Number of protein chains: 2
Amino acid sequence: MKGYLTFLILWTLKKSEMNGAEISREFEKRRGTKPSPGTIYPALKELRKNELIAMDKSKTYVLTEKGELELKSACKFFCKIFYDVNEMSHYSQE
Amino acid sequence: MKGYLTFLILWTLKKSEMNGAEISREFEKRRGTKPSPGTIYPALKELRKNELIAMDKSKTYVLTEKGELELKSACKFFCKIFYDVNEMSHYSQE
DNA sequence: AGATCAATATTGGATGTCCGATAAATATAT
DNA sequence: ATATATTTATCGGACATCCAATATTGATCT
């Protein structure tokens, strides 16, 4: 399963602003492994290029307004596709 | 967002056995568009090669036992990564 | 049976996604 | 201030993911 990195970066930053290393640790909590530096930093750069996130002097990232809209839209999409995620959760615990 | 196709095929087949066209329509319900034939059939072939699904004479697919185990494991992983999916759902409805 | 439509299969390729290696910048400790 | 560790940045490339186009097979109708 791939493809959720960008989405989760936005989601993570929505909950709390952080720098790259902190985001990486957040990923480690979620899935067990940190993304490689060659993954996370280019991803952040791309998000910044698209103005979905912004960086302050101390390299802390925040969601922009555009980023919020994008995230909301992505959440909507995600929840539609996985509308039955609760069943998945139960199933995995059988 | 990519990478969830195989996972959702397994999940869909867990809920009910179907043929390729029916699986495609199930995807259409979830995300709005059907996967291309060049996507769904090679994916099914690969899953069959890995013995996660099986096909009967009428080309109806079912989860194998191995497929069930794999799916359960994938669900576990998925739910761990997206443990806060309910928040996402609420956020998308704000 | 012949025509028509739906379903399946295959190929080649475009793009996405991510990593490892390496280097530079920055922070921390001694 | 110097050494050490952490964080950030960049490059090239491996592999995954998916599609459009095309061909074939199978079902359905007249």
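**Notebook: rings and charges**

I started with A:K14, which lies over the face of B:Y91, 4.9 Å from the ring centre. For the record, I call a charge "over a ring" if NZ of Lys or CZ of Arg is within 6 Å of the ring centre and within 35 degrees of the ring normal. Then I looked up A:Y91: the charged end of B:K72 sits over its ring, 4.9 Å from the centre.

Housekeeping: this is a predicted model, where local features need pLDDT of at least 70, side-chain atom pairs count only at pLDDT 80 or more, and totals for chains, interfaces and linings use all residues. Residues are numbered from 1 along each chain as its sequence is written, chains are lettered from A and ligands numbered from 1 in the order in which they are written, and side-chain values use heavy atoms, with hydrogens and water left out.

Next, ring pairs. How many aromatic pairs are there over all chains? My search of the whole structure gave 13. One of them is A:F78 with A:F82, tilted, at 5.0 Å centre to centre and 50° between the planes. B:F78 and B:F82 also make a tilted pair, 5.0 Å centre to centre with 50° between the planes. (Rings of Phe, Tyr and Trp, the last by its six-membered ring, pair if their centres lie within 6.5 Å; planes under 30 degrees apart are stacked, over 60 edge-to-face, the rest tilted.)

Last entry: ring pairs link A:F78, A:F82, B:F78 and B:F82 into a cluster with A:Y4, A:F7, B:Y4 and B:F7.
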